[in-house]
Amino acid sequence: ARIVGNTNILVNDGNITGSVYGGGNIAAVTESTTVTVIDAILSAIYGGGNKGVVEGNTQVTVNGSAQITNIFAGSNQANIGGEARLIINSGTIVNAYGGNNLSGVITSALSTQINGGTITNVYGGGNEASTTLDTNVSINGGMITSLYGGGNQANVNNSIITITNTISTPTIKNIYGGGYAGEVEGSSNIAFENGSVEENIYGGGYEGNIEGITNIIIESGIIESSVYGGGYQGAVYNNTNIIVNDGSIKNIYGGGYLGNVIGESQIQINEGTIENNVYGGGYQGNVNSTVIEVNDGSIKNIYGGGFEGKVEEETTIQINGGKVKESIYGGGYQGDIRKSNIILEDGEVEGSVYGGGYQGEVIEDVIIRLNGSKVNQSIYGGGYAGDIEGKTQIEVREGKVNKNIYGGGYAGEVRLQHHQGH
């Protein structure tokens, strides 16, 4: 039977082996639905109906010590005429979805807000139910194992993840800007502030592709492993952008983990501590070209290329400030590139500068310009045990090198050399 008006469900306690639906069973609701759960054990909650349309908005709110297997802000195989909204303040949940289950269209918006609780998986989108809308996921607290801006085997338009600590410091194991085996047809966006990530942040998806750009902004917080501009075994068909304004990160990769970036990877570090390395490329994933800009902060090593990953075109590294505790490599770590450009404007390199890679080849030329930085060891036009097929060019206009300048490499061959000093 059709419901003319709103529906409101409040579950204070109990054990429900079936599902709770804010809407009807193959029956429409002409306005909006609200489901609130406090202390209960439930198999599934739907803000909407079971194959029944909700013409207005749906909202699911979880409080108390609720234990829930699956939560859907939307419906099971049915349309929603307005917005689907999910709010989790506490409880223990296995899967939380901002969208529908299996099918159905949400007309207005998808919104997920996590303020607390312990959750295994959070999806901005639906479960095998694609949407043409953007997803919006806001994390203010809680403990989450995997956070996806997209859906589970479901496509979304753009994905937006915002992580702050307005309520309590969130702890997340892995963050994916995209979905789990689902595409983001636009761009993915992650803004991270004052949280803690036990493992990694990926701008892309888990075995899901990103058609547009990935954007990651780190304002502060701790990432105990790595930040990847690309995905986990998923491709990015445009550029990747990573901006670090502060915080502590173990490694940064402009590319993906076993996933290719068809466009350019761009990394900008304005402050913060990178405990290990910055790679313009990916981890065993290819990138078209890379740009790394360092304005301040502390980094162990910088590689213009990837870790055992190829850069199809050129790499650019510009140092405007900050400190590199060991060395700079224009190329990759056992990964080949076409050309490298290193510009040293300011800041300090405690080790050496290599125009090439670490046991990685440069197919064409290398250019190094020293305009004001301090290099405590030496500058090599070539690589560290990596060959240069073209020529090396070193220009010294200003700055300081405490040891030597070599047109060639360290245990690596250079076909042509050119050194220019002023």
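Is tyrosine 303 buried or exposed? Tyrosine 303 is buried, with a relative accessible area of 5%. The legends below visit this residue and several others in what is a predicted model.

**View 1**
Let us start with the rings. The structure holds 34 aromatic pairs, and a pair of this kind is described by the distance of the centres and the angle of the planes.

**View 2. Tyrosine 202 and tyrosine 228 form a stacked pair.**
Here the ring centres of tyrosine 202 and tyrosine 228 lie 5.0 Å from each other, with 5° between the planes. Tyrosine 202 belongs to strand E16 (residues 196-202) and tyrosine 228 to strand E18 (residues 222-228), so the pair ties together parts that are 26 residues apart in sequence. Tyrosine 202 is buried, with a relative accessible area of 4%, and tyrosine 228 counts as buried at 5% relative accessibility.

**View 3. Isoleucine 175 sits in the largest nonpolar core.**
In soluble globular proteins, nonpolar side chains tend to be buried together. The largest nonpolar core of this model has 73 residues, and the members that touch the most others are Leu147, Ile175, Ile201, Ile252, Ile302 and Ile328. E31 gives the most to this core, with four residues. Which residues surround isoleucine 175, leaving aside its neighbours within four places in sequence? They are Leu147, Ile161, Ile163, Ile190, Phe192, Val197, Asn200, Ile201 and Tyr202, each in contact with isoleucine 175.
A second, separate core of 17 residues can be found too, and it includes Tyr46, Tyr123, Tyr148 and Tyr253.

**View 4. Asparagine 140 is a buried residue with polar partners.**
Look for asparagine 140 in the loop between E11 and strand E12 (143-148). With a relative accessibility of 8%, asparagine 140 counts as buried. Its side chain makes a polar contact of 2.9 Å with the side chain of asparagine 115. Another polar contact, also of 2.9 Å, joins the side chains of asparagine 140 and threonine 164.

**View 5. Glutamate 313 and arginine 338 join two loops.**
How many salt bridges does the structure hold? There are eight. In the one shown here, between glutamate 313 and arginine 338, the closest N and O atoms are 3.8 Å apart. Glutamate 313 lies in the loop between strand E24 (298-303) and strand E25 (314-319), and arginine 338 in the loop between strand E27 (328-329) and strand E28 (339-344), so the pair ties together parts that are 25 residues apart in sequence. Glutamate 313 counts as partly exposed at 35% relative accessibility, and arginine 338 is partly exposed at 28%. Both belong to a network of salt bridges that links Glu313, Arg338 and Glu364.

**View 6. Aspartate 365 and lysine 391 meet in a salt bridge.**
The N to O distance between these two side chains is 3.4 Å. This pair, too, links distant parts of the chain: aspartate 365 is in the loop between strand E30 (353-354) and strand E31 (366-375), while lysine 391 is in strand E33 (residues 388-401), 26 residues apart. Aspartate 365 is partly exposed at 25% relative accessibility, and lysine 391 counts as partly exposed at 33%.

**View 7. Glutamate 312 forms a salt bridge with lysine 310.**
The side chains of glutamate 312 and lysine 310 come together at 3.8 Å, N to O. Glutamate 312 counts as partly exposed at 31% relative accessibility, and lysine 310 counts as partly exposed at 39%.

**View 8. Threonine 132 is an exposed loop residue.**
Our last stop is threonine 132, placed in the loop between strand E10 (118-123) and strand E11 (135-139). Why does threonine 132 count as exposed? Its relative accessible area is 68%, and exposed means over 50%. Threonine 132 and valine 184 are 52 residues apart in sequence, and their C-alpha atoms are 9.7 Å apart in space.

Notes
Residues numbered from 1 in each chain as written. Predicted model: local features only at pLDDT ≥ 70, side-chain atom pairs only at ≥ 80, totals over all residues. Heavy atoms only, no water. Buried < 20%, exposed > 50% of the residue type's maximum accessible area, 1.4 Å probe, protein only. Salt bridge = Lys/Arg side-chain N within 4 Å of Asp/Glu carboxyl O. Core = buried A, V, L, I, M, F, W, Y, C linked by side-chain atoms within 4.5 Å. Contact = heavy atoms within 4.5 Å. Polar contact = N/O pair within 3.5 Å; in protein donor to acceptor, adjacent residues only side chain to side chain. Phe/Tyr/Trp six-rings, centres within 6.5 Å; stacked < 30°, edge-to-face > 60°.
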